Structure formats: structure tokens, C-alpha cells
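Please read them alongside the sequence and the coordinates.

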Amino acid sequence: MRGRMMEDPLLISGLIEHAGTVHRDREIVSRTVEGPIHRSTWGEVRTRSKRLASALADAGIERGDRVATLGWNTHRHLEVYYAVSGMGAICHTLNPRLHPTELVYIVNHAADRVLFVDLTFVPLVEAVADQLTSVERYVVLTDASHMPDTALRGAVAYEEWIDGAGDFTWPELDERDGAALCYTSGTTGHPKGVLYSHRSTVLHALGVALPDVFNLGASVSCLPIVPMFHACAWGLPYASAAAGTSLVMPGPKMDPESITELLGAERVDFCAGVPSVFHALIQYWRAAGTRPEALSMVLLGGAAPPQSLIEALEDEFGIEFRHGWGMTETSPLGSVNTLTPHQRTWPAKKRAEFQTKQGRPPYGVELRIVDGDGRVLPRDGDAIGELQARGPWVADGYFLSDERKLTEDGWFPTGDVASIDGESCVQITDRTKDLIKSGGEWISSIDVENSAMGHPGIDVAAVIGVPDEKWGERPLLIAVPRSDPPPTKDEVLDYLSNSLAKWQLPDDVLFVDALPMGATGKVQKTKLRERYAQ
Ligand code: ADP
């Protein structure tokens with residue numbers, strides 16, 4: 001017997017209609033690319049995204065068409081998110097930190113018809129525009145008075161474009177239709193597109209808004225440091241609309257001083273980003289003898305945060321730390337480590353050590369680990385295997401590909417290596433491709449890095465496997481020193497031997513000025529391997 005309930009589809013337009021009606025006056029504050037702080041509301045975002053949808057429809061954009069963005073976190077980018085998906089087209093966020101040749105590949109592969117571009121990135125687009133075969137029109141995310149002199153095809157200032165547009169009625173779409181598209185840097189070959197549906201996006205928004213994840217609500221003010229071009233800013237633009245959360249958008253100024261200023265001036269409660277950003281922030285807070293007053297909670301994810309960073313945030317600055325794991329293919333949130341009240345009573349070291357784990361899946365995600373033959377491994381905290389995920393916001397394949405990327409029984413292989421304990425808490429030990437195999441034993445690069453970053457003379461560190469005749473591979477530690485002169489190799493190894501077994505200790509320690517960072521703010525180990533394999 002079927003239930004007697006309405007079957008209204010879960011649509012992104014429903015999120016903005018809710019926020020624009022029920023949370024109409026909740027603020028959206030942006031640092032604009034032009035400079036000044038701009039203040040708007042969920043009500044205005046709704047009105048303006050409808051006008052933009054109308055302009056897109058007038059320009060001939062139809063359901064399923066791809067519309068790209070190359071922009072910072074701002075109110076205009078937020079409006080584009082809602083306008084494009086709301087009208088049934090697909091909002092394709094481009095990562096400006098990618099190499100131009102990769103950008104060209106991605107735009108052409110997606111066949112983007114319109115490209116919204118922030119002033120900052122106009123030169124980047126101009127340099128490759130003759131290779132972008134599908135783009136019919138460029139909309140510069142600015143007003144007429146800041147419009148640059150550009151030869152980009154059909155270039156128009158965003159404000160002018162929506163000024164001339166009328167109202168719009170959101171269409172009733174199939175909730176399984178594509179809504180947003182994000183390419184992920186594949187380990188081999190070309191980047192691959194992850195195509196989120198309306199349904200997956202709305203369910204993810206509801207899932208991540210929960211108290212044990214982002215803890216959003218209508219009295220919260222959230223600053224997504226994670227860019228809207230990286231896995232849809234972890235769903236915060238959607239979850240905040242569902243929860244009526246106020247958004248504070250940092251625009252192009254991502255340096256610690258500007259972020260700290262905005263966190264303080266707007267009394268932000270919560271922010272989220274990758275560990276490297278918070279590493280820079282706490283260094284700035286220490287040097288400036290300051291700390292954003294209202295900030296009570298942060299969620300770090302995208303890479304493993306070292307224990308020293310967790311301790312600094314929680315014990316030195318008194319900010320609740322939460323640890324998230326996920327990937328573009330999991331929308332992205334797959335697990336989160338939020339302490340229980342009991343765990344909060346643990347001694348600081350024990351607590352921080354536990355917080356390096358990636359936590360438990362929220363409702364909506366199931367996780368398991370399997371061995372090399374695909375056999376499911378026990379949840380005992382000891383067995384280590386490849387992590388697999390399933391659920392309504394996990395990808396089953398890639399954009400424009402017919403191939404199902406799942407195991408026979410329907411799980412998505414993440415390429416991460418992990419253990420899961422009896423309480424479902426996941427600990428990622430590595431990515432399959434970063435694990436170091438020495439004399440038949442696996443060494444977790446994350447473990448060695450985490451230990452090394454606890455040394456007072458080491459700022460950041462990365463560990464890679466280098467070929468070794470006797471052992472197959474041996475770990476090499478590459479670090480940026482904090483002290484001058486840097487610690488000696490023996491001092492570092494001595495320190496590491498407090499927490500690592502002898503065979504896990506790096507064979508060598510190299511000090512460098514900086515580590516190569518990728519487009520999503522993570523250390524590029526492929527570059528390190530190319531450079532130091534010998
Ligand atoms: P890419 O980094 O390949 O561009 P993603 O942004 O989707 O793509 O990154 C997902 C990967 O980042 C995960 O598979 C995992 O290896 C790593 N990752 C994400 N969060 C964490 C975390 N909290 N701890 C360790 N690794 C993480």
C-alpha cells in the first residue's frame with residue numbers, strides 16, 4: 001500500500017524559495033571583487049536569481065544546458081547557483097587554480113554555453129577564449145561602471161544583464177535531473193565530471209545541516225572559506241538556505257588578515273575549510289595576538305589535519321574543532337568527527353588524537369572497508385582496507401560516461417584506505433596511491449606526517465615513498481622548517497621514534513622552502529614524487 005503523502009520533488013528552487021520567504025531578512029554579506037562589503041539578504045538572492053534565470057531563458061538556455069562559473073564566494077555567485085539549477089540548467093563550477101589547458105579541456109568537455117566570470121579571472125579567460133568552442137556568451141560578475149574593456153564574445157556586465165530581466169517562475173523538474181557539475185582531478189587521465197542531481201543536493205543539504213555535522217540554523221552565521229568552485233563549498237550554499245543560516249562570503253581576499261577581519265566584523269560563528277587555510281590563520285592569530293571573538297566552531301576537511309593544528313584550535317584558541325572527510329564524488333560529505341559529551345571530558349591529548357580520525361557517516365551515507373579481493377573487512381579498528389561508500393548523495397559514475405563506477409553490489413570505491421571501529425568511526429590511513437609499501441608492510445604517510453608536524457621545529461610536512469632496492473619503497477620526509485636553523489635529521493628521527501616503529505621511520509629528511517599545493521589546497525604528492533623519487 002502506498003503512503004498518502006504528496007510527492008513534491010526535492011528541487012534546488014525549493015531551497016531558495018524557502019530561504020527567500022521564511023528567512024527573507026537573514027543576511028548575505030560579501031566582500032566584493034570590486035572592494036567594498038556588500039550586504040544583501042536571502043530575500044534579495046531569491047528575487048535576483050529569478051531575474052537571472054529569466055535572462056538566461058531569454059538567451060536561449062534550456063534544461064540540461066551547462067552554464068559555467070569562474071568565481072569567488074560572493075552573493076553574485078550564490079545567485080548564479082540558484083538561477084542556473086533552479087531553471088533546470090546545470091551549474092558547472094570551474095576551479096580557477098587549474099592549469100589553463102585543463103580549464104579549456106573541462107569547458108569543452110562540458111560544452112558550457114554561458115560562462116560567468118569574476119573580474120579577477122577575465123584575463124585568464126581572455127587568454128584561452130579562442131579555444132573555448134562552446135561558449136556563446138561571457139557574463140562578467142560586476143556592474144557597468146567596473147566593466148573591463150574586453151573582446152570576450154557577447155560580454156555583458158552581470159548587473160546590467162539582470163536589470164533588464166523580468167520575473168521568472170521556477171519549472172517543476174524531475175528531482176533526478178542534473179543540477180550542478182564539478183570536475184575532480186583524476187589520478188590518471190583527464191579530469192572527470194561529477195554530476196549532482198536536485199535530489200542528491202537537497203538531501204545532502206539536509207544531512208549536513210544537522211547538529212552533529214555543520215550545526216546550522218537561523219541564528220548561525222557561517223563563513224565558507226572552502227570555495228564555491230570546490231565541491232559546491234561542501235554544500236554550504238544549499239544547507240544554509242534550508243536552515244536560514246546567514247552567509248558571510250570572503251570574495252577574493254582569502255589571506256588570513258582579511259578572513260580574520262571579516263570573521264570579527266560580521267561576528268561569524270562557524271567556518272569551514274581545508275587544514276592549510278587554518279594553519280595560516282592560527283599563525284596569523286598568534287602573531288597578531290588576536291582571535292575572532294564570536295567564532296565558536298570550525299569544520300576542517302579535504303585533507304588530514306595534523307594533531308598539532310587540532311590542539312591549537314581547541315586548547316589555545318578555544319574553538320570547537322570538527323573533522324570532516326569526503327570527496328567530490330560524495331557531494332562531498334562522507335563522515336564527520338564530532339565529539340560526544342563524554343569524549344569532551346577526555347584529557348586534551350587523548351581528545352585531540354581521537355579527533356585526527358575522520359569520524360562517523362551521517363544519515364545518508366554508508367561506509368565499509370574491503371580487502372584486495374573485495375571481501376568486506378570487520379569493523380574492529382584494526383583491519384585496514386579500501387573505503388567504499390553508498391547512499392543517495394554518492395556518485396554512481398561520471399558525467400557523459402555510461403560506465404557505472406560501482407562494485408557489483410553497488411558501492412563506490414573511494415580510493416582511500418581506512419579502518420572502521422566498532423562505533424563506526426573511520427580512520428583514513430592514506431590514499432591507495434600514497435601508501436608506502438616497505439618490506440611487505442604498509443606505512444601510512446598520514447601517520448608519519450602527523451607525527452612530524454608535532455615537532456616544534458616543523459611547520460608542514462609531507463611523506464612520500466621512494467623506490468628502494470631492498471625494501472621496495474621507503475618513506476622520505478619533506479618538511480618546511482619553523483625554526484631557524486631547522487632541526488637536524490637525527491633530532492627529527494629521534495622525535496618520531498616516540499610514536500613510530502623503527503621500520504616506519506623515514507630514511508631521510510629534506511627541508512624545503514615550501515610544498516607544492518594543488519588547486520584544492522592540498523599538497524601535491526605527485527609533484528613531490530616526480531621531484532624526489534631519485
Ligand atoms: P582531489 O583532491 O582529488 O581533487 P577531492 O577534493 O574530491 O579531490 O578529494 C577527495 C580526497 O581528499 C579523499 O578521497 C581523501 O583522499 C582526501 N581527504 C578528504 N578529506 C580528508 C580527511 N579529512 N582526511 C584525510 N584525507 C581526506
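1. In this note Ala, Val, Leu, Ile, Met, Phe, Trp, Tyr, Cys and Pro count as nonpolar, Asp, Glu, Lys and Arg as charged, and the others, Gly among them, as polar. On that basis the shell around the ligand divides into four nonpolar, ten polar and three charged residues.

2. This is a predicted model, in which local features need pLDDT of at least 70, side-chain atom pairs count only at pLDDT 80 or more, and totals for chains, interfaces and linings use all residues. Residues are numbered from 1 along each chain as its sequence is written, and side-chain values use heavy atoms, with hydrogens and water left out.

3. The ligand is surrounded by 17 residues, each with a heavy atom within 4 Å of it. Among the closest are Ser-185, His-323 and Asp-416. Strand 14 (residues 320-326) gives the most to this shell, with four residues; strands (E, at least two residues) are DSSP runs numbered from the N terminus.

4. A polar side-chain atom of Lys-522 lies 2.7 Å from an oxygen atom of the ligand. A backbone N or O atom of Thr-328 is likewise 2.7 Å from a ligand oxygen atom, and a polar backbone atom of Gly-324 is 2.8 Å from a ligand nitrogen atom. The protein buries 92% of the 570 Å² that the ligand exposes when taken alone (Shrake-Rupley method, 1.4 Å probe).

5. Pro-332 lies in the loop between strand 14 and strand 15 (333-337).

Technical notes
Polar contact = N/O pair within 3.5 Å; in protein donor to acceptor, adjacent residues only side chain to side chain.
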